[in-house]
Amino acid sequence: MNSNITKIIDQYLAGELSPEDTKVFEERMESNPELKQEVEIQRSVMEGAERASNRTDVQKIGKKYHFTKFIKWGAISLSAALILAVSSYYLFDLGSDSVEPIPQELIEQMDESAQIEELPTHYFQIPEEGAVVISEEGTLLSVPSDAFLLNGEVYNGISIVQLQEANDALDIITSGLSTTSGDNLLETQGMYGVQGFTVDGDPLEFNPEVGVYVQVPVDGYKADMQLYDGKKLADGSIDWQDPEPLEKLPVPVDMSKLDFYPVDYENYLDELKWSQGKIKRDSLYLSFEEYTFDSGEETMDELNFYFTGSGMIPERKITQEENEYLYEENPPIDFIMTPEEAYRLAMWMEGPNWEDFYGFWGDGTDYYDSTEAEDTTWVVDAAASCESDMAGPNHILPSKVLAFWNPKFNNTNLSTREFELRMRAIHNTCNNAVLEKYTNNLDKKISDIDREVVAMGYTEFEVFAEENVGALNPNNPHIKHLMNFYEQGIEQMKKVNYRAQNAEEERRSEMDEQLDTERTQELTRSIELENQAFNEECGLNLDNVYKQLGYTKGFTITGGSGNTGAPNAALKNIDKQVIDATIARNSVEIVDPKTGKTAELTYNEFNFTVANHEKYRKLFAYIFPHELNSYQRIDGTNGVFDYPLNNDILYDFAVVGLTEDGYEYFQKQTLRSGSFGTIDLEIISDVRLEASIQQLNKKRNANPVPIQSELNWLITEREYYEEEQQREEMDTFRYRVAATLFPCMEWNSEALRPGNDACGGTSGLAN
Amino acid sequence: MNNSQMTQSEINDSLKDLYKKWPDIKRYLKSKGCTSTDAEDLFQEALLIYSRKLKSPDFELTVEPFHYVKNTCKFLWYNQSRKEGKVQKTEIHENFSETESDWFQKELKLRSIETAISKIGKQCQELLQLFYGLGWSMVDIAKKLGMRNDKVAKAQKYRCISKVKVIIQSDHSENTTL
């Protein structure tokens with residue numbers, strides 16, 4: 001759908017077109033029924049939007065009606081002032097079996113002084129050291145040791161706590177409780193009466209320094225839920241007074257029981273049955289500290305493009321809409337996009353409309369041409385300025401998480417389920433500043449920090465702010481120390497990561513260098529070997545032919561031209577025939593033009609096919625001629641080897657295949673010819689391979705060329721093959737893990753699919 | 001024309017009063033075989049129609065608001081039942097003049113547009129509602145939705161409208177090809 005038409009129609013409907021334009025537009029409409037229909041549809045969209053807004057109003061009114069009607073939500077009303085801040089307390093179960101039942105007369109006595117006559121009472125016996133108890137309705141009472149006073153002094157004995165609770169509207173209505181505060185009607189969440197008694201039934205007062213912590217079951221938090229004091233009026237009804245905001249205390253949990261990873265991280269690792277060890281998972285997590293897409297594959301480049309939101313200049317004209325954004329009213333005449341304009345538009349796209357623009361760019365090649373774009377220097381510039389523009393990495397740095405996730409931070413705001421929940425949301429903000437709010441303010445109430453985060457623009461933290469969670473141990477003198485420790489911890493983590501990454505990088509580059517050296521050597525060696533083998537065989541053949549023709553002297557051949565000591569044309573001609581035959585490895589009959597004698601050179605058929613050749617990453621045959629110093633390496637084609645053998649030479653041969661898991665091998669000794677059909681290689685250890693080949697090389701009559709460097713090369717290739725596979729797997733793995741860690745990056749969903757190789761096909765080694 | 005138009009807050013007050021009659025309407029619709037959830041949807045729809053009617057300049061209320069809303073509920077219920085094939089065409093229009101019927105048809109059509117709008121992104125929905133429903137300025141909308149400036153909001157508005165149009169047209173073509 002064309003935005004431009006939408007815009008013009010919108011201006012027409014809003015009466016923003018000039019009278020002339022309006023006239024032209026209306027004429028168009030008359031002659032173009034489709035346009036007319038589109039105008040009608042658009043008009044209805046406007047009205048529909050208005051109507052949707054009206055509906056929202058009606059729904060709000062409906063909600064309000066139900067709220068007041070059913071008292072679904074409301075203030076918590078408590079019958080006595082309960083002090084909220086409890087600096088530290090211990091949780092433990094109060095097994096009902098272990099406590100003596102409270103005598104019936106005592107219960108009746110205490111019932112007498114119940115705050116709310118209409119509600120049933122529940123009693124809990126609290127040992128001297130304090131306890132946390134939960135009622136059947138789910139109300140949690142935390143009674144520390146010094147919770148009560150008796151005659152103005154701290155009471156240290158066993159206490160009995162009386163609880164009355166009305167958790168829902170039904171309880172409240174049936175017990176005839178009022179929900180008025182002065183003349184105002186309260187919406188109530190529940191009403192609770194709490195009183196303390198000695199074991200003799202004497203009433204206790206609340207200790208204002210400590211108090212009892214009450215946590216009540218609610219379906220959700222309402223921002224303005226408050227705590228009211230109940231005052232019994234003369235007529236026996238209760239008036240609720242002195243509202244105070246509610247606060248929930250975070251519950252300390254040992255760091256080892258908490259999970260601060262991004263949600264999907266562990267799920268993914270579990271799916272892979274990856275090590276469960278926290279140390280391993282931490283160090284994997286840490287290794288993503290500076291994660292970038294750097295595997296250099298095409299898909300990754302594309303991702304980089306989406307990720308930075310720039311990276312390429314669209315090879316197209318600027319649309320009217322973009323023109324307006326760039327130049328407002330005075331657009332330049334030239335509409336071709338310049339790097340500068342593209343960059344500004346890319347920045348624009350990173351704004352709130354990013355999602356729309358993503359689709360806008362992603363849908364066709366006519367918007368940009370990557371090959372063209374690569375020619376410009378802008379790509380680099382833009383990437384650089386993008387980086388400097390960003391306030392930091394757009395994911396939560398692992399070091400910042402791991403630095404506090406240790407026992408040192410136990411008993412702080414961070415070692416709580418409450419913070420664990422927030423951490424999940426923090427990962428989704430991808431903003432380290434949000435995390436820092438929590439880590440740098442251990443002495444603040446958690447929900448005060450929540451509110452600061454909301455103020456940063458993260459409205460999803462409103463839910464947290466509404467929970468009104470307090471601080472854990474805000475007055476702990478170690479807190480300041482811990483904050484310093486945290487900073488050091490981050491540095492430490494960064495160093496650890498840096499060292500690990502560095503070591504890995506060094507290892508890789510060492511490996512690459514070794515391979516490079518081996519390959520260069522291998523190349524020179526192959527050329528030398530080939531020359532030597534040819535020269536030797538040629539010399540042998542010439543020797544042989546001359547012998548047959550009756551020349552008895554030995555010769556040396558240099559550079560293929562005859563220097564024979566029989567300096568005449570006929571011999572040169574023979575030389576040439578021998579050289580040609582050696583090159584072609586063909587049998588020939590050579591006639592000496594001088595004497596008419598004949599000599600023969602015979603090459604025998606020698607071939608075989610290696611079964612399942614496709615499983616070998618490299619496949620060679622080595623030929624060891626007994627009469628020559630040099631060995632030869634021959635390459636097959638698709639596993640088929642065909643190399644005629646010289647009848648005057650006795651050969652051994654070996655076949656070596658490099659596979660994913662190691663080497664496979666085949667050898668045959670003492671032959672001059674043979675068609676071996678299909679041969680199967682067998683798995684062999686690298687030690688035995690080396691020994692076998694060394695043996696074949698040495699057992700020859702001649703003075704054999706050392707084969708060790710060739711074997712070294714083979715080993716390096718094999719190792720590198722393994723290495724390369726590991727790297728590929730590692731990159732894929734890391735890519736997928738990273739996707740679980742960094743929700744704000746754009747991921748290629750294809751590449752994330754399990755079993756799909758993210759890093760493209762097999763990139764073979766260069767020979 | 002003699003009806004001086006009500007302000008939005010007066011309309012809301014009127015709606016609040018009417019909502020108090022919900023138990024009556026619920027009982028009435030239930031007696032016609034309507035479920036509770038459906039009934040409240042119908043009731044809200046009727047209130048919506050009523051509130052929109054209040055805003056139209058040539059609307060003159062000839063009956064009690066409650067009766068108007070109740071009749072509208074009845075009409076809507078018959079309309080829905082007929083679509084679901086539950087009742088044959090009866091004297092649905094007994095209480096509605098010809099012009100009223102047109103008005104309702106239009107409202108029903110707009111309701112389908114609302115459905116299309118509900119299929120686009122949340123931000124788009126909010127933008128369109130703020131602009132066309134509450135008459136906010138583009139500057140305020142940009143601020144509220146965290147956009148760079150009003151130009152961006154405006155460009156976004158066109159895109160949102162275009163999206164709705166695409167949905168409407170594809171729904172339409174689906175319906176005609178069926």
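Two residues are in contact here if their C-beta atoms, placed from the backbone, lie within 7 Å. The views below come from a predicted model, in which local features need pLDDT of at least 70, side-chain atom pairs count only at pLDDT 80 or more, and totals for chains, interfaces and linings use all residues. Residues are numbered from 1 along each chain as its sequence is written, while chains are lettered from A and ligands numbered from 1 in the order in which they are written.

**View 1. Chain A meets chain B.** Let's start where 34 residues of chain A are in contact with 36 residues of chain B. On the chain A side, the elements giving two or more residues are α1 (3-13), α3 (33-70) and α9 (320-327); helices (H or I, at least four residues) and strands (E, at least two) are DSSP runs, numbered from the N terminus. The largest share, 21 residues, comes from α3(A). By type, this side of chain A has 11 nonpolar, 13 polar and 10 charged residues (Ala, Val, Leu, Ile, Met, Phe, Trp, Tyr, Cys and Pro count as nonpolar, Asp, Glu, Lys and Arg as charged, and the others, Gly among them, as polar).

**View 2. Helix α3 of chain B.** Buried residues in α3(B) include Leu42(B), Phe43(B), Leu47(B) and Tyr50(B); a residue is buried if 20 or more other C-beta atoms lie within 10 Å of its own, exposed if 12 or fewer, and partly exposed in between, with C-beta atoms placed from the backbone.

**View 3. Helices α16 and α17 of chain A.** Helix α16(A), residues 432-439, packs against α17(A), residues 446-455, at about 160°, with the axes 9 Å apart (axes are lines fitted to C-alpha atoms, for helices over the stretch in contact, and angles run from 0 to 180 degrees between N-to-C directions). That angle makes the two helices roughly antiparallel (over 145 degrees). Val434(A), Lys437(A) and Tyr438(A) of α16(A) make the contact with Ile449(A), Glu452(A) and Val453(A) of α17(A). These residues divide into 4 nonpolar, no polar and 2 charged.

View 4. Most residues other than glycine have a negative phi. Asn151(A), however, has a positive phi near 55°, and sits in the loop between β5 (148-150) and β6 (153-154) of chain A. With 8 C-beta neighbours inside 10 Å, Asn151(A) counts as exposed. For Asn612(A), phi is positive too, at about 50°. Its loop joins β20 (606-610) and β21 (618-625) of chain A, and Asn612(A) is partly exposed, with 13 other C-beta atoms within 10 Å.

Definitions and conventions
Angles under 35 degrees count as roughly parallel, over 145 as roughly antiparallel, 65 to 115 as roughly perpendicular and the rest as oblique.
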